[in-house]
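I opened the model to look up how the chains are built and how they meet. My entries follow.

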There are 2 protein chains.
Amino acid sequence: MYRTHTCGALNKSNIGQEITLSGWVANRRDHGGIIFIDLRDKYGITQTVFDPEDDKEAWEIANTFRSEFVVKLTGIVRARPEGQTNDKLPTWEIEVIIKKSEILSKSKTPPFEINDFSEANEEIRFKHRYLDIRRKKVLSTIEFRAAINQFTRNWFIENWFLEVQTPIFTASSPEWARDYLIPSRLHPGKFYALPQAPQQYKQLLMVGWVDKYFQIAPCFRDEDPRADRHSCEFYQIDAELSFVEQEDIFAILESYYTDAITALSPDKKIKTSKFPRLTYREAVDKYGSDKPDVRFDMHFEDFSSDFADSGFSVFKSAVDWGGVVKAMKLDQKIMTRSEIDEITVVAQTAGAKWLAYIIYEQEGPRSPILKFFSEAEIKALEEKLNPKVWDMIFFGAGDYKTVTKVLGTVRSTLRDKYDLVDKDEISFAFITDFPMYSMNDEWKLDFEHNPFSMPYGGAEGLANPNKLEIYWMQYDVACNWFEVTSGSIRNHDPELLVKAFEIIWKWEKEVKERFWAIYNALQYGAPPHGGFAIWIDRLIMILKNEESVREVFAFPKSGKAEDTMMNAPSYIDEVQLKELGIDLREEVKEELGLD
Amino acid sequence: MYRTHTCGALNKSNIGQEITLSGWVANRRDHGGIIFIDLRDKYGITQTVFDPEDDKEAWEIANTFRSEFVVKLTGIVRARPEGQTNDKLPTWEIEVIIKKSEILSKSKTPPFEINDFSEANEEIRFKHRYLDIRRKKVLSTIEFRAAINQFTRNWFIENWFLEVQTPIFTASSPEWARDYLIPSRLHPGKFYALPQAPQQYKQLLMVGWVDKYFQIAPCFRDEDPRADRHSCEFYQIDAELSFVEQEDIFAILESYYTDAITALSPDKKIKTSKFPRLTYREAVDKYGSDKPDVRFDMHFEDFSSDFADSGFSVFKSAVDWGGVVKAMKLDQKIMTRSEIDEITVVAQTAGAKWLAYIIYEQEGPRSPILKFFSEAEIKALEEKLNPKVWDMIFFGAGDYKTVTKVLGTVRSTLRDKYDLVDKDEISFAFITDFPMYSMNDEWKLDFEHNPFSMPYGGAEGLANPNKLEIYWMQYDVACNWFEVTSGSIRNHDPELLVKAFEIIWKWEKEVKERFWAIYNALQYGAPPHGGFAIWIDRLIMILKNEESVREVFAFPKSGKAEDTMMNAPSYIDEVQLKELGIDLREEVKEELGLD
């Protein structure tokens with residue numbers, strides 16, 4: 001037997017007992033020939049004492065202990081001397097006089113210090129993640145993930161959702177992000193794909209009468225790495241329901257988020273459990289983002305018509321060219337000249353030529369552009385923004401996309417500069433009515449998001465000749481300034497689905513072939529249905545105040561999609577390649593010097 | 001709103017209420033101009049009534065309903081006429097007079113009947129799994145999986161195990177089964193591998209102080225398909241603990257299995273909650289299998305020394321050549337001539353030349369070989385097997401491997417022929433002390449199972465010059481005649497681990513490179529640790545009386561590792577291949593006519 005107690009279990013009630021502990025040597029102190037060893041495991045720390053007068057052999061073995069050695073110690077629990085106790089930890093009321101000690105394994109000196117103040121960089125920590133996990137901060141995030149997983153499953157099960165594990169080996173559908181592919185040995189030339197999401201499967205479950213489905217699903221997208229999505233694999237709380245409308249889904253999301261955060265993150269404050277709603281257009285109009293931070297107001301007002309005939313030519317010509325004039329107000333902050341220069345650079349980086357502003361000083365408003373404004377223009381400003389002494393107003397003028405982006409960027413920069421939000425506040429908003437199609441970088445019509453969604457107005461809506469004005473029953477949840485949920489009411493009409501795809505792909509046959517399973521399934525009595533995915537990694541990141549999503553994985557991939565600890569990805573044998581019927585391309589072989 | 005109630009919710013208490021149901025048309029009957037529609041969903045069936053006198057329009061729409069149409073019906077609940085009620089279902093006390101009906105989606109005629117008596121074959125069912133799931137039997141297995149998943153997670157969490165999700169993208173370790181590989185786009189020429197098991201990760205977690213870990217882990221092995229392991233992906237309940245010995249693990253397994261089956265499968269009887277233990281050698285000696293069915297006794301007794309000088313030359317020469325003579329007794333069954341011929345064919349298929357037997361008839365024992373036996377030999381038989389009138393004894397003689405295999409096969413054939421076991425009985429046994437190495441098909445020394453295990457006797461045990469006589473602290477759990485668990489106490493000494501590998505691989509450097517992460521980790525203070533994996537798919541299969549493990553997946557792969565519903569695996573674009581830096585091999589292209 002290795003232990004009767006963990007290193008966090010002993011207290012005054014054990015005094016006088018003979019016990020055995022196993023754990024890691026944390027600290028060694030010598031006092032007048034007596035050795036004190038702090039023995040540690042994930043549960044806590046216990047002070048052990050080796051007195052050569054008491055037991056020479058145990059003392060001699062202890063004398064060879066080094067940091068992080070794993071040792072097994074047997075001894076008698078006794079009270080610590082007065083003045084050495086510590087209220088914070090129960091184990092600090094006692095210590096153990098050791099009679100028998102044994103080294104279970106030795107340890108080299110770790111490559112970084114194992115404590116929460118360690119400043120080791122990500123690279124060295126991830127390479128030795130098994131040591132990094134010994135740090136409380138890291139373990140606590142892993143424990144938090146376990147807790148939110150369990151809470152989530154209990155919550156959905158209590159609400160009558162059925163957990164279904166959908167396949168991890170599926171078919172490629174490269175029209176969204178890139179698929180990860182797996183060559184098939186049994187079917188040479190063919191490949192499996194890992195699912196980017198269980199989208200089709202969950203819809204098939206609805207056709208199969210499952211009614212309410214959920215799963216914490218591993219998902220896989222071969223995208224270039226970014227800070228808020230883990231490389232290779234990520235997890236989503238995936239759910240789908242039959243016979244629901246958007247309002248039913250919203251009620252579920254509001255109560256899941258409120259319940260989860262109340263239970264798991266009592267340090268966080270949810271601004272309102274009835275989440276505000278913004279259409280996609282409103283969100284961009286007012287905050288310059290489809291995932292706006294609504295923890296603070298500071299929204300944009302539109303002044304395009306007010307400045308249509310302005311004496312200030314910059315504003316007038318913006319409107320003349322079909323653009324907009326927008327402005328927002330910073331409450332009770334006055335920037336210095338150099339601060340204004342700094343925020344102007346931020347605006348310029350986001351695409352602005354220049355950042356116009358007005359400062360409301362005690363003596364009255366001050367601005368280089370104020371002299372060009374008419375009385376009516378100043379009145380419009382005052383009516384919509386109601387500026388007071390010590391406020392500032394910032395303007396954007398030009399094309400809609402640039403103005404909203406610039407003011408959005410200035411807004412979040414000011415938030416960070418002036419701590420305009422409570423960091424422990426969690427603020428959700430529903431973003432609805434996304435456009436179905438958009439122009440892609442090559443100025444071709446493309447899907448904006450999930451093309452399995454139902455267009456507003458059904459077949460009639462889809463017939464709108466201005467495709468950019470077709471909206472669909474898709475919704476996101478923004479949390480602080482992250483997107484944490486995406487979902488939609490699905491298009492359960494097989495012919496309408498084909499039509500929605502045809503607008504982009506042109507070929508009906510191709511649509512039917514690529515989505516063979518769902519297209520077929522919808523013809524056997526498909527219920528109206530809808531659902532959502534919650535990006536649980538990102539949620540953990542927000543609730544645990546982590547700056548990178550990588551920290552919420554027990555064994556993360558690096559920013560370059562590598563596991564430096566396991567050495568993945570890695571080169572493989574020619575034998576393995578041959579068995580799979582594949583080969584490296586000539587250009588890759590050349591690059592690697594294999595030819 | 002699509003429904004106020006599900007199709008299983010209404011009962012007498014709803015009489016008089018106006019309600020709305022949505023569901024699938026199951027059955028239509030016409031009686032004197034009135035249409036009766038059974039409306040169905042996963043929750044139940046409700047009878048709805050369309051009377052043209054009452055509502056002509058609703059009746060006209062109902063008149064166009066076909067089987068499996070999805071419809072929305074609004075009407076008033078009323079009691080069913082006397083004599084038409086049914087005690088079994090609460091909804092059969094009522095019916096709904098429909099005032100408003102609407103078709104939500106139509107349905108083609110399904111390719112097979114949607115009921116539990118459907119005799120559609122696996123191929124057609126799996127191709128339309130979304131319809132197959134509508135059958136109660138199929139859904140109930142999916143629901144059972146959800147229940148066992150949730151029970152398992154609760155059980156391990158209550159017992160202080162921490163759930164950790166380990167990576168799905170990892171490094172290749174082709175020394176066990178074949179890996180599934182994923183070409184890396186960002187690192188051309190390199191590949192990720194999917195984990196065959198989280199073996200190394202869970203050991204790294206122990207080094208990281210996690211202490212008690214579990215996970216229901218997806219695992220991936222590119223093996224040829226078989227009936228009791230799902231192609232592509234399967235799931236295991238994976239667990240690992242620090243500072244434990246074999247007995248600690250056994251206690252956990254005994255209570256998990258007992259608790260799970262008691263809670264989830266009340267129709268099953270566990271033979272004993274204290275599982276019998278057999279070493280690997282005992283199991284093969286007594287039952288001819290390392291996963292023996294211990295629901296019934298019928299074990300083998302050894303008679304090698306008894307027949308060493310026998311007058312029966314077949315037995316004598318078997319012993320002379322270093323082989324064995326074994327026998328087992330069939331209780332209270334007498335086989336006819338033709339039945340004996342049949343079982344002899346079974347024995348011959350398993351490798352026997354011939355199957356010797358004795359029948360204990362009322363008149364005394366009868367057998368063609370009896371005349372060769374001495375009195376001492378007959379006495380030995382009687383002492384060890386204690387045959388009674390109406391019993392039979394079967395013999396095996398020859399080399400150990402063939403004899404145990406033949407008698408094992410005869411034993412399980414007799415079990416099935418004579419229903420020697422209760423099909424609802426679940427009988428577990430621990431199989432321990434596996435040999436560390438064995439001779440592979442090429443007569444080279446190879447690992448028998450998991451080489452991360454600790455050899456008995458540590459370094460000294462490993463030094464045994466007869467490598468086939470080295471045993472390790474590995475254990476399996478046999479359930480009925482399946483292996484449902486495998487585990488071991490791990491080798492936590494990095495130098496000893498290298499030694500264990502070196503015996504097979506010869507090169508220390510290769511060992512250290514291939515197991516870089518675990519070899520390194522073990523040098524930073526590794527606790528003694530051990531764990532196990534429970535093959536949950538197989539457990540579900542046993543508890544749900546399924547004959548194929550494929551049935552326990554919501555969306556199964558076929559016996560050829562294909563998903564015929566999604567068309568996976570499939571051919572992919574040249575563009576995708578190019579992006580991944582790989583190409584099909586010339587021979588594959590030729591085969592596919594691509595060159």
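**Strand pairing across the chains**

I began with strand β25 (residues 582–584) of chain A and strand β25 (residues 582–584) of chain B: 3 bridges join them, and they run antiparallel. Strands pair here if DSSP finds at least two bridges between them. Strands (E, at least two residues) and helices (H or I, at least four) are DSSP runs, numbered from the N terminus. I then looked up the residue opposite Asp583(A), and found Asp583(B) in β25(B).

**Conventions**

I noted that this is a predicted model, in which local features need pLDDT of at least 70, side-chain atom pairs count only at pLDDT 80 or more, and totals for chains, interfaces and linings use all residues. Residues are numbered from 1 along each chain as its sequence is written, while chains are lettered from A and ligands numbered from 1 in the order in which they are written.

**Symmetry and interface**

I laid chain B on chain A: the RMSD is 0.1 Å, with a turn of 180° and a shift of 0.0 Å along the axis. That is the relation of a two-fold axis. The superposition is by least squares on the C-alpha atoms of residues with pLDDT of at least 70 in both copies.

Next I looked up contacts (C-beta atoms, placed from the backbone, within 7 Å). 98 residues of chain B are in contact with 98 residues of chain A. Helix α4 (residues 136–158) of chain B gives the most to chain B's side, with 7 residues. By class, that side has 56 nonpolar, 20 polar and 22 charged residues. Asp, Glu, Lys and Arg count as charged; Ala, Val, Leu, Ile, Met, Phe, Trp, Tyr, Cys and Pro as nonpolar; the others, Gly among them, as polar. 100% of the interface residues of chain B are also interface residues in chain A, so the copies meet through the same surface.

**Chain A overall**

I found 18 helices and 25 strands in chain A. Its C-alpha atoms fill a box of roughly 95 × 75 × 60 Å along the principal axes. Buried residues make up 46% of its 595 residues; buried means that 20 or more other C-beta atoms, placed from the backbone, lie within 10 Å of a residue's own.

**Helix α7 of chain B**

Which residues of helix α7 (residues 280–287) of chain B are buried? I listed Ala283(B), Val284(B), Lys286(B) and Tyr287(B). Their cover includes β12 (277–279), α11 (400–417) and β19 (428–435) of chain B. Gly288(B) follows α7(B), and its phi is positive, near 70°.

Technical notes:
Two residues are in contact if their C-beta atoms, placed from the backbone, lie within 7 Å. A residue is buried if 20 or more other C-beta atoms lie within 10 Å of its own, exposed if 12 or fewer, and partly exposed in between; C-beta atoms are placed from the backbone.
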